[in-house]
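Please examine the model shown below. The paragraphs after it lead through its sheet and then through its helices.

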Amino acid sequence: MKNEYDLPAVNFQEQRAAHLVNSEARRLRYERECSMVFLILLLVLFLPEGVFAAERPNIIFLLTDDMGYADVGCYGGNFVPTPNIDQLAREGTKFRQFYVAAPVCSPSRVGYLTGMFPGRWRITNYLQTRAGNRASEQVDFLDTNAPSIGRVLKAAGYATGHFGKWHMGGGRDVTNAPPFSAYGFDEHAGTWESPEPDPNITATNWIWSPFDTVKRWNRTAYFVDKTLDFLGRHQGQPCYVDLWPDDVHTPWVPEFSTHEAHPRAHYENEKNFKAVLEEYDKQVGRLVAGLKDLGIESNTIIIFASDNGPLPTLGTRTGGLRGAKDSLYEGGTREPLIVRWPGHVPAGREDSQSVVCGVDFLPMFCQLGGAALPENYKLDGEDLSQAFFGASVTRKNPLYWEYGRNETFGYPMETPDERSPNVSTRDGKWKLLVNADGSDVQLYDLDTDPRETTNVAGQNPGIAKRLKDAALKWRKSLPGGIHRKSAGGAEVAPDS
(Lines give C-alpha, C1' and ligand atoms only; values in the text may rest on other atoms or scores of the structure.)
Protein backbone atom coordinates (compact mmCIF):
# COMPACT_ATOMS: atom_id res chain seq x y z
CA MET A 1 0.00 0.00 0.00
CA LYS A 2 1.45 3.35 -1.08
CA ASN A 3 1.43 6.49 0.98
CA GLU A 4 2.57 10.06 0.35
CA TYR A 5 6.09 9.15 1.40
CA ASP A 6 6.60 6.37 -1.11
CA LEU A 7 9.24 7.25 -3.77
CA PRO A 8 8.80 6.21 -7.40
CA ALA A 9 11.38 4.04 -9.07
CA VAL A 10 14.10 6.15 -10.69
CA ASN A 11 16.05 5.43 -13.88
CA PHE A 12 19.26 7.33 -13.12
CA GLN A 13 20.71 6.96 -16.63
CA GLU A 14 17.65 8.62 -18.22
CA GLN A 15 17.71 11.36 -15.56
CA ARG A 16 21.39 12.10 -16.21
CA ALA A 17 20.81 12.26 -19.98
CA ALA A 18 17.89 14.67 -19.51
CA HIS A 19 20.03 16.82 -17.23
CA LEU A 20 22.77 17.04 -19.86
CA VAL A 21 20.24 18.04 -22.55
CA ASN A 22 18.76 20.73 -20.29
CA SER A 23 22.21 22.06 -19.41
CA GLU A 24 23.17 22.36 -23.08
CA ALA A 25 19.92 24.17 -23.84
CA ARG A 26 20.53 26.60 -20.98
CA ARG A 27 24.06 27.23 -22.24
CA LEU A 28 22.88 27.99 -25.76
CA ARG A 29 20.12 30.25 -24.45
CA TYR A 30 22.64 32.10 -22.25
CA GLU A 31 24.99 32.62 -25.21
CA ARG A 32 22.14 33.99 -27.35
CA GLU A 33 21.10 36.38 -24.59
CA CYS A 34 24.68 37.56 -24.14
CA SER A 35 24.98 38.18 -27.87
CA MET A 36 21.79 40.21 -27.90
CA VAL A 37 22.93 42.30 -24.93
CA PHE A 38 26.25 42.92 -26.68
CA LEU A 39 24.50 44.08 -29.86
CA ILE A 40 22.22 46.39 -27.90
CA LEU A 41 25.23 47.88 -26.14
CA LEU A 42 26.89 48.52 -29.50
CA LEU A 43 23.77 50.29 -30.75
CA VAL A 44 23.54 52.42 -27.63
CA LEU A 45 27.21 53.35 -27.80
CA PHE A 46 27.54 54.08 -31.48
CA LEU A 47 24.16 55.24 -32.77
CA PRO A 48 23.31 58.87 -32.05
CA GLU A 49 20.52 59.74 -29.68
CA GLY A 50 17.28 60.09 -31.63
CA VAL A 51 18.55 57.80 -34.41
CA PHE A 52 18.22 54.49 -32.60
CA ALA A 53 16.00 53.00 -35.25
CA ALA A 54 17.68 50.78 -37.83
CA GLU A 55 16.61 53.16 -40.60
CA ARG A 56 18.83 56.23 -40.52
CA PRO A 57 17.39 59.50 -41.81
CA ASN A 58 17.88 60.98 -45.22
CA ILE A 59 19.59 64.36 -44.84
CA ILE A 60 18.85 67.17 -47.29
CA PHE A 61 21.03 70.24 -46.82
CA LEU A 62 19.18 73.01 -48.67
CA LEU A 63 21.68 75.86 -49.00
CA THR A 64 20.35 79.14 -50.39
CA ASP A 65 22.79 81.48 -52.13
CA ASP A 66 23.15 85.05 -50.77
CA MET A 67 19.94 85.03 -48.71
CA GLY A 68 19.32 87.98 -46.41
CA TYR A 69 18.43 87.40 -42.77
CA ALA A 70 15.02 88.98 -43.43
CA ASP A 71 14.28 87.82 -46.98
CA VAL A 72 11.53 85.35 -46.00
CA GLY A 73 8.36 85.85 -44.04
CA CYS A 74 9.18 83.73 -41.00
CA TYR A 75 12.24 85.95 -40.40
CA GLY A 76 10.32 89.19 -40.83
CA GLY A 77 10.57 89.64 -44.59
CA ASN A 78 7.75 91.23 -46.54
CA PHE A 79 9.06 91.33 -50.11
CA VAL A 80 6.67 88.58 -51.26
CA PRO A 81 4.78 85.85 -49.41
CA THR A 82 6.99 82.79 -48.80
CA PRO A 83 4.41 80.25 -47.61
CA ASN A 84 6.46 77.13 -48.25
CA ILE A 85 9.61 78.26 -46.47
CA ASP A 86 7.44 79.61 -43.66
CA GLN A 87 5.78 76.20 -43.44
CA LEU A 88 9.19 74.59 -42.92
CA ALA A 89 9.51 76.81 -39.84
CA ARG A 90 5.97 76.01 -38.61
CA GLU A 91 6.68 72.30 -38.96
CA GLY A 92 10.21 72.52 -37.56
CA THR A 93 12.54 74.72 -35.53
CA LYS A 94 14.06 78.03 -36.61
CA PHE A 95 17.22 79.46 -35.11
CA ARG A 96 17.85 83.14 -34.46
CA GLN A 97 21.60 82.98 -33.79
CA PHE A 98 23.01 80.98 -36.66
CA TYR A 99 26.26 82.03 -38.29
CA VAL A 100 28.09 81.11 -41.47
CA ALA A 101 31.86 80.54 -41.53
CA ALA A 102 32.54 83.51 -43.85
CA PRO A 103 30.64 86.43 -45.40
CA VAL A 104 31.21 85.23 -48.97
CA CYS A 105 30.41 82.00 -50.79
CA SER A 106 33.55 79.87 -51.25
CA PRO A 107 34.98 80.02 -47.72
CA SER A 108 31.52 79.70 -46.23
CA ARG A 109 30.92 76.50 -48.22
CA VAL A 110 34.34 75.17 -47.20
CA GLY A 111 33.31 75.68 -43.57
CA TYR A 112 30.13 73.67 -44.12
CA LEU A 113 31.85 70.82 -45.97
CA THR A 114 34.91 70.43 -43.74
CA GLY A 115 33.79 71.40 -40.24
CA MET A 116 36.82 73.70 -40.07
CA PHE A 117 37.42 77.43 -40.38
CA PRO A 118 38.11 77.93 -44.11
CA GLY A 119 41.34 79.87 -43.61
CA ARG A 120 42.89 76.62 -42.41
CA TRP A 121 42.60 75.44 -46.02
CA ARG A 122 43.79 78.77 -47.50
CA ILE A 123 40.37 79.79 -48.86
CA THR A 124 39.30 83.22 -47.61
CA ASN A 125 37.57 84.85 -50.59
CA TYR A 126 35.35 83.65 -53.41
CA LEU A 127 37.32 81.38 -55.77
CA GLN A 128 37.86 82.97 -59.18
CA THR A 129 40.60 83.13 -61.84
CA ARG A 130 44.07 81.92 -60.96
CA ALA A 131 45.34 85.51 -60.98
CA GLY A 132 42.45 86.63 -58.83
CA ASN A 133 43.07 83.83 -56.36
CA ARG A 134 46.72 84.82 -56.06
CA ALA A 135 45.68 88.42 -55.51
CA SER A 136 43.42 87.19 -52.70
CA GLU A 137 46.32 85.14 -51.29
CA GLN A 138 44.43 81.86 -51.66
CA VAL A 139 44.54 78.50 -53.44
CA ASP A 140 42.55 77.57 -56.56
CA PHE A 141 40.46 74.75 -55.06
CA LEU A 142 39.79 72.88 -51.83
CA ASP A 143 42.48 70.36 -50.97
CA THR A 144 41.11 66.80 -51.20
CA ASN A 145 42.96 66.03 -47.96
CA ALA A 146 40.41 68.21 -46.17
CA PRO A 147 37.58 66.39 -44.36
CA SER A 148 34.30 66.24 -46.27
CA ILE A 149 30.72 65.61 -45.17
CA GLY A 150 30.18 63.69 -48.39
CA ARG A 151 33.12 61.41 -47.75
CA VAL A 152 32.35 60.58 -44.11
CA LEU A 153 28.67 59.88 -44.75
CA LYS A 154 29.47 57.78 -47.82
CA ALA A 155 31.83 55.71 -45.66
CA ALA A 156 28.95 55.20 -43.24
CA GLY A 157 26.73 53.74 -45.96
CA TYR A 158 24.97 56.82 -47.30
CA ALA A 159 24.31 57.46 -50.97
CA THR A 160 25.62 60.98 -51.60
CA GLY A 161 24.62 63.60 -54.14
CA HIS A 162 25.49 67.23 -54.84
CA PHE A 163 23.03 69.19 -56.95
CA GLY A 164 23.66 72.90 -57.43
CA LYS A 165 26.38 75.43 -56.86
CA TRP A 166 29.75 74.17 -55.62
CA HIS A 167 32.24 77.06 -55.80
CA MET A 168 35.04 75.28 -53.98
CA GLY A 169 37.14 74.82 -57.12
CA GLY A 170 36.65 74.91 -60.89
CA GLY A 171 35.31 77.44 -63.37
CA ARG A 172 36.90 80.41 -65.14
CA ASP A 173 40.47 79.32 -65.98
CA VAL A 174 40.78 76.74 -63.18
CA THR A 175 40.52 73.51 -65.16
CA ASN A 176 42.34 71.10 -62.83
CA ALA A 177 40.02 71.13 -59.82
CA PRO A 178 39.38 67.63 -58.39
CA PRO A 179 36.10 65.93 -59.36
CA PHE A 180 33.09 65.66 -57.05
CA SER A 181 33.95 62.03 -56.33
CA ALA A 182 37.19 63.12 -54.67
CA TYR A 183 35.04 64.73 -51.97
CA GLY A 184 32.80 61.66 -51.57
CA PHE A 185 29.83 62.42 -53.86
CA ASP A 186 28.32 59.61 -55.92
CA GLU A 187 26.26 61.84 -58.23
CA HIS A 188 26.32 65.52 -59.09
CA ALA A 189 24.93 68.33 -61.20
CA GLY A 190 27.13 71.39 -60.80
CA THR A 191 26.91 74.97 -61.97
CA TRP A 192 29.64 76.79 -63.89
CA GLU A 193 31.75 77.28 -60.74
CA SER A 194 32.45 73.59 -60.28
CA PRO A 195 34.91 70.94 -61.47
CA GLU A 196 32.29 69.18 -63.62
CA PRO A 197 29.71 71.70 -64.87
CA ASP A 198 26.36 70.30 -65.96
CA PRO A 199 26.11 71.02 -69.72
CA ASN A 200 22.39 71.76 -69.42
CA ILE A 201 23.11 74.92 -67.42
CA THR A 202 26.55 75.93 -68.70
CA ALA A 203 26.31 76.71 -72.41
CA THR A 204 29.01 79.37 -71.95
CA ASN A 205 31.84 80.02 -69.55
CA TRP A 206 29.79 82.24 -67.28
CA ILE A 207 27.19 82.10 -64.49
CA TRP A 208 24.27 81.88 -66.95
CA SER A 209 23.49 82.27 -70.61
CA PRO A 210 20.33 82.69 -72.68
CA PHE A 211 21.60 79.63 -74.58
CA ASP A 212 21.43 77.32 -71.54
CA THR A 213 19.11 74.36 -72.08
CA VAL A 214 17.72 74.84 -68.57
CA LYS A 215 17.03 78.55 -68.28
CA ARG A 216 18.20 80.63 -65.35
CA TRP A 217 14.67 80.94 -63.94
CA ASN A 218 14.19 77.14 -64.01
CA ARG A 219 17.45 76.16 -62.33
CA THR A 220 16.14 75.63 -58.81
CA ALA A 221 13.36 73.42 -60.23
CA TYR A 222 16.05 71.46 -62.10
CA PHE A 223 18.03 70.87 -58.90
CA VAL A 224 14.88 69.86 -57.00
CA ASP A 225 14.08 67.37 -59.78
CA LYS A 226 17.60 65.95 -59.55
CA THR A 227 17.27 65.61 -55.78
CA LEU A 228 13.92 63.81 -55.89
CA ASP A 229 15.10 61.50 -58.66
CA PHE A 230 18.19 60.61 -56.64
CA LEU A 231 16.15 59.89 -53.52
CA GLY A 232 13.65 57.82 -55.49
CA ARG A 233 16.39 55.63 -56.95
CA HIS A 234 17.98 54.99 -53.56
CA GLN A 235 14.98 54.01 -51.46
CA GLY A 236 16.09 51.59 -48.77
CA GLN A 237 19.47 53.30 -48.46
CA PRO A 238 20.02 56.45 -46.42
CA CYS A 239 20.81 59.46 -48.61
CA TYR A 240 22.73 62.66 -48.06
CA VAL A 241 22.03 65.43 -50.58
CA ASP A 242 23.56 68.86 -50.98
CA LEU A 243 20.71 70.76 -52.63
CA TRP A 244 22.58 74.02 -53.23
CA PRO A 245 20.72 76.25 -55.75
CA ASP A 246 22.30 79.49 -56.92
CA ASP A 247 19.13 81.44 -56.13
CA VAL A 248 18.78 84.05 -54.72
CA HIS A 249 22.24 85.21 -55.92
CA THR A 250 22.34 87.85 -58.64
CA PRO A 251 21.77 88.14 -61.52
CA TRP A 252 18.03 87.98 -60.84
CA VAL A 253 16.60 86.71 -64.12
CA PRO A 254 12.91 85.86 -63.78
CA GLU A 255 11.00 84.40 -66.68
CA PHE A 256 9.35 87.72 -67.60
CA SER A 257 12.65 89.63 -67.90
CA THR A 258 14.63 90.33 -71.05
CA HIS A 259 16.74 87.27 -71.70
CA GLU A 260 19.66 88.80 -73.53
CA ALA A 261 23.01 88.80 -71.74
CA HIS A 262 23.25 92.15 -69.95
CA PRO A 263 25.65 93.31 -67.23
CA ARG A 264 24.57 92.09 -63.81
CA ALA A 265 23.39 95.54 -62.70
CA HIS A 266 20.69 95.39 -65.38
CA TYR A 267 18.90 92.68 -63.39
CA GLU A 268 19.49 94.03 -59.88
CA ASN A 269 16.15 95.59 -59.08
CA GLU A 270 13.48 94.83 -56.51
CA LYS A 271 10.90 93.66 -59.06
CA ASN A 272 13.24 90.96 -60.35
CA PHE A 273 14.29 89.96 -56.83
CA LYS A 274 10.68 89.48 -55.73
CA ALA A 275 9.97 87.25 -58.73
CA VAL A 276 13.08 85.12 -58.10
CA LEU A 277 12.28 84.76 -54.39
CA GLU A 278 8.67 83.81 -55.14
CA GLU A 279 9.79 81.10 -57.57
CA TYR A 280 12.39 79.84 -55.11
CA ASP A 281 9.74 79.45 -52.41
CA LYS A 282 7.55 77.56 -54.87
CA GLN A 283 10.36 75.06 -55.47
CA VAL A 284 10.83 74.49 -51.73
CA GLY A 285 7.17 73.50 -51.69
CA ARG A 286 7.76 71.10 -54.59
CA LEU A 287 10.61 69.50 -52.67
CA VAL A 288 8.45 68.78 -49.63
CA ALA A 289 5.57 67.54 -51.79
CA GLY A 290 7.98 65.23 -53.60
CA LEU A 291 9.18 63.73 -50.33
CA LYS A 292 5.57 62.98 -49.43
CA ASP A 293 4.93 61.38 -52.82
CA LEU A 294 7.99 59.16 -52.33
CA GLY A 295 6.76 58.14 -48.87
CA ILE A 296 9.97 59.28 -47.18
CA GLU A 297 8.92 62.57 -45.59
CA SER A 298 8.88 61.17 -42.04
CA ASN A 299 12.43 59.86 -42.35
CA THR A 300 13.98 62.90 -44.04
CA ILE A 301 15.52 65.82 -42.21
CA ILE A 302 15.70 69.13 -44.11
CA ILE A 303 18.25 71.73 -43.05
CA PHE A 304 17.54 75.11 -44.66
CA ALA A 305 20.31 77.76 -44.49
CA SER A 306 22.33 80.20 -46.60
CA ASP A 307 26.00 80.74 -47.40
CA ASN A 308 26.29 84.45 -46.51
CA GLY A 309 24.40 87.71 -46.32
CA PRO A 310 22.77 89.58 -49.20
CA LEU A 311 24.06 92.03 -51.78
CA PRO A 312 22.43 94.25 -52.79
CA THR A 313 20.41 94.58 -49.58
CA LEU A 314 17.59 96.64 -51.11
CA GLY A 315 17.62 98.46 -47.80
CA THR A 316 15.86 95.84 -45.66
CA ARG A 317 17.12 92.38 -46.56
CA THR A 318 19.27 92.12 -43.40
CA GLY A 319 16.37 92.97 -41.11
CA GLY A 320 18.24 95.92 -39.65
CA LEU A 321 21.46 94.02 -38.98
CA ARG A 322 24.56 96.04 -39.79
CA GLY A 323 26.60 95.09 -42.84
CA ALA A 324 25.94 92.74 -45.74
CA LYS A 325 27.75 90.18 -47.86
CA ASP A 326 31.55 90.80 -47.73
CA SER A 327 31.31 92.17 -44.18
CA LEU A 328 31.98 90.58 -40.77
CA TYR A 329 29.16 92.57 -39.21
CA GLU A 330 26.03 90.56 -38.41
CA GLY A 331 24.35 91.31 -41.75
CA GLY A 332 27.11 89.40 -43.53
CA THR A 333 27.37 86.36 -41.25
CA ARG A 334 24.07 85.84 -39.38
CA GLU A 335 21.65 83.81 -41.48
CA PRO A 336 18.36 81.92 -41.32
CA LEU A 337 18.50 78.28 -40.17
CA ILE A 338 15.41 76.07 -40.23
CA VAL A 339 15.45 72.36 -39.35
CA ARG A 340 12.48 70.11 -40.13
CA TRP A 341 12.08 66.41 -39.34
CA PRO A 342 8.48 65.35 -38.63
CA GLY A 343 8.11 63.53 -35.33
CA HIS A 344 11.66 64.34 -34.19
CA VAL A 345 12.34 68.08 -34.42
CA PRO A 346 9.85 70.15 -32.37
CA ALA A 347 7.36 71.93 -34.60
CA GLY A 348 6.85 75.68 -34.35
CA ARG A 349 9.81 76.19 -32.02
CA GLU A 350 12.10 79.23 -32.15
CA ASP A 351 15.57 78.94 -30.62
CA SER A 352 16.98 82.36 -29.77
CA GLN A 353 19.70 81.10 -27.40
CA SER A 354 21.81 78.46 -29.19
CA VAL A 355 24.74 79.94 -31.13
CA VAL A 356 25.28 77.57 -34.06
CA CYS A 357 27.74 77.92 -36.95
CA GLY A 358 28.25 76.36 -40.37
CA VAL A 359 31.41 74.60 -39.15
CA ASP A 360 29.16 72.61 -36.78
CA PHE A 361 27.36 70.86 -39.64
CA LEU A 362 29.93 68.12 -40.25
CA PRO A 363 29.98 66.85 -36.64
CA MET A 364 26.20 67.28 -36.37
CA PHE A 365 25.52 65.39 -39.59
CA CYS A 366 27.85 62.63 -38.44
CA GLN A 367 25.80 62.36 -35.27
CA LEU A 368 22.51 62.29 -37.18
CA GLY A 369 23.78 59.69 -39.65
CA GLY A 370 25.65 57.44 -37.24
CA ALA A 371 28.97 58.19 -38.96
CA ALA A 372 32.38 58.27 -37.33
CA LEU A 373 34.10 61.65 -37.21
CA PRO A 374 37.04 61.93 -39.61
CA GLU A 375 40.27 60.91 -37.94
CA ASN A 376 43.45 62.97 -37.64
CA TYR A 377 41.68 66.34 -37.85
CA LYS A 378 41.00 68.88 -35.16
CA LEU A 379 37.59 70.13 -36.16
CA ASP A 380 36.50 73.65 -35.28
CA GLY A 381 32.84 72.65 -35.32
CA GLU A 382 30.97 71.18 -32.38
CA ASP A 383 28.16 68.64 -32.23
CA LEU A 384 25.26 70.86 -31.21
CA SER A 385 22.63 68.60 -32.77
CA GLN A 386 20.64 68.38 -29.54
CA ALA A 387 19.52 71.93 -30.35
CA PHE A 388 17.61 70.38 -33.27
CA PHE A 389 15.60 68.27 -30.83
CA GLY A 390 14.50 70.96 -28.41
CA ALA A 391 17.51 71.70 -26.21
CA SER A 392 19.17 75.10 -25.97
CA VAL A 393 22.89 74.41 -26.16
CA THR A 394 25.98 76.38 -25.21
CA ARG A 395 29.15 76.43 -27.29
CA LYS A 396 32.34 75.24 -25.65
CA ASN A 397 34.64 77.39 -27.79
CA PRO A 398 34.48 80.86 -29.35
CA LEU A 399 33.81 81.41 -33.04
CA TYR A 400 36.31 83.19 -35.30
CA TRP A 401 36.11 84.82 -38.73
CA GLU A 402 38.37 86.64 -41.14
CA TYR A 403 37.63 88.48 -44.36
CA GLY A 404 39.50 91.12 -46.31
CA ARG A 405 43.25 90.45 -46.38
CA ASN A 406 43.87 93.26 -48.87
CA GLU A 407 42.16 95.75 -51.15
CA THR A 408 41.46 93.24 -53.94
CA PHE A 409 38.63 91.76 -51.84
CA GLY A 410 35.11 93.00 -52.49
CA TYR A 411 33.51 95.17 -49.82
CA PRO A 412 29.91 96.36 -49.38
CA MET A 413 29.62 100.02 -50.24
CA GLU A 414 25.90 100.71 -49.99
CA THR A 415 26.54 102.67 -46.78
CA PRO A 416 29.89 103.82 -45.37
CA ASP A 417 29.71 101.79 -42.13
CA GLU A 418 29.20 98.35 -43.73
CA ARG A 419 32.89 97.58 -44.29
CA SER A 420 34.12 95.87 -41.14
CA PRO A 421 37.54 95.22 -39.61
CA ASN A 422 38.99 92.02 -41.09
CA VAL A 423 39.06 89.69 -38.03
CA SER A 424 36.28 88.96 -35.57
CA THR A 425 35.30 86.60 -32.76
CA ARG A 426 32.18 85.79 -30.79
CA ASP A 427 32.39 84.44 -27.23
CA GLY A 428 29.10 84.22 -25.38
CA LYS A 429 27.23 87.49 -25.76
CA TRP A 430 30.35 89.40 -26.78
CA LYS A 431 31.49 90.05 -30.33
CA LEU A 432 34.78 91.77 -31.08
CA LEU A 433 36.11 93.01 -34.42
CA VAL A 434 39.67 94.15 -35.06
CA ASN A 435 42.04 94.53 -37.98
CA ALA A 436 44.88 92.03 -38.26
CA ASP A 437 47.33 94.84 -37.41
CA GLY A 438 45.53 95.44 -34.11
CA SER A 439 43.73 98.63 -35.14
CA ASP A 440 40.04 99.58 -34.99
CA VAL A 441 38.91 97.53 -31.99
CA GLN A 442 35.11 97.25 -31.79
CA LEU A 443 33.21 95.40 -29.04
CA TYR A 444 29.47 94.76 -29.04
CA ASP A 445 27.08 93.18 -26.54
CA LEU A 446 24.87 91.18 -28.89
CA ASP A 447 22.29 90.46 -26.20
CA THR A 448 21.42 94.15 -25.99
CA ASP A 449 22.80 95.45 -29.29
CA PRO A 450 22.44 92.87 -32.11
CA ARG A 451 22.57 95.68 -34.67
CA GLU A 452 26.09 96.62 -33.52
CA THR A 453 25.36 100.31 -33.08
CA THR A 454 27.36 101.01 -29.89
CA ASN A 455 31.04 100.13 -29.51
CA VAL A 456 31.54 99.36 -25.79
CA ALA A 457 35.26 98.52 -25.92
CA GLY A 458 36.06 101.61 -23.84
CA GLN A 459 33.63 100.62 -21.10
CA ASN A 460 34.90 97.01 -21.01
CA PRO A 461 38.68 97.20 -21.48
CA GLY A 462 39.40 93.83 -19.89
CA ILE A 463 36.94 91.96 -22.11
CA ALA A 464 38.11 93.89 -25.17
CA LYS A 465 41.77 93.03 -24.51
CA ARG A 466 41.05 89.34 -23.87
CA LEU A 467 39.02 88.93 -27.05
CA LYS A 468 41.40 91.04 -29.13
CA ASP A 469 44.36 88.92 -28.03
CA ALA A 470 42.44 85.71 -28.76
CA ALA A 471 41.30 86.92 -32.19
CA LEU A 472 44.78 88.00 -33.28
CA LYS A 473 46.34 84.80 -31.93
CA TRP A 474 43.84 82.78 -33.95
CA ARG A 475 44.49 84.85 -37.07
CA LYS A 476 48.24 84.30 -36.74
CA SER A 477 47.69 80.54 -36.34
CA LEU A 478 46.27 80.24 -39.87
CA PRO A 479 48.57 79.10 -42.67
CA GLY A 480 50.10 81.85 -44.75
CA GLY A 481 48.49 83.09 -47.92
CA ILE A 482 49.46 82.18 -51.47
CA HIS A 483 51.06 85.11 -53.34
CA ARG A 484 51.49 85.58 -57.08
CA LYS A 485 50.81 88.51 -59.36
CA SER A 486 49.09 88.10 -62.69
CA ALA A 487 51.18 88.08 -65.85
CA GLY A 488 50.64 91.82 -66.29
CA GLY A 489 51.55 92.56 -62.70
CA ALA A 490 47.98 93.50 -61.74
CA GLU A 491 46.32 92.28 -58.55
CA VAL A 492 42.72 93.08 -59.32
CA ALA A 493 40.08 90.40 -58.68
CA PRO A 494 37.31 90.12 -61.25
CA ASP A 495 33.62 90.36 -60.44
CA SER A 496 32.29 87.42 -58.40
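Two strands pair if DSSP finds at least two bridges between them. Strands (E, at least two residues) and helices (H or I, at least four) are DSSP runs, numbered from the N terminus. The model is predicted: local features need pLDDT of at least 70 and side-chain atom pairs count only at pLDDT 80 or more, while totals for chains, interfaces and linings use all residues. Residues are numbered from 1 along each chain as its sequence is written, and side-chain values use heavy atoms, with hydrogens and water left out.

On this basis, S10 and strand S11 (residues 423-427) run antiparallel and are joined by four bridges. Within that pairing, tryptophan 401 has serine 424 of S11 as its bridge partner. The two strands belong to an open sheet of four, ordered S10-S11-S12-S13 with antiparallel pairing. Strand S10 (399-402) and strand S13 (442-445) stand at the edges with a single partner strand each, so one side of each lacks a neighbour in the sheet. On average, and with direction ignored, neighbouring strands of this sheet are turned by 15 degrees against each other.

Buried means under 20% relative accessible area, exposed over 50%, and partly exposed in between (1.4 Å probe, protein chains only). Helix H10 (residues 461-477) lies across S10, S11, strand S12 (430-434) and S13, and runs at about 60 degrees to S12. Such angles run from 0 to 180 degrees between N-to-C directions, with axes fitted as lines to C-alpha atoms, for helices over the stretch in contact (heavy atoms within 4.5 Å).

Burial also describes helix H9 (residues 361-369): eight of its nine residues are buried, so H9 is largely enclosed by the rest of the structure. Among these buried residues are Phe361, Met364, Phe365 and Leu368. Just after H9, glycine 370 adopts a positive phi of about 65 degrees.

The axes of helix H6 (residues 219-233) and helix H7 (residues 270-294) come within 10 Å and cross at roughly 15 degrees. H6 and H7 are therefore roughly parallel to each other, a term for angles under 35 degrees. Residues of H6 including Val224, Leu228 and Leu231 meet residues of H7 including Leu287, Leu291 and Leu294.

Note on methods
Angles under 35 degrees count as roughly parallel, over 145 as roughly antiparallel, 65 to 115 as roughly perpendicular and the rest as oblique.
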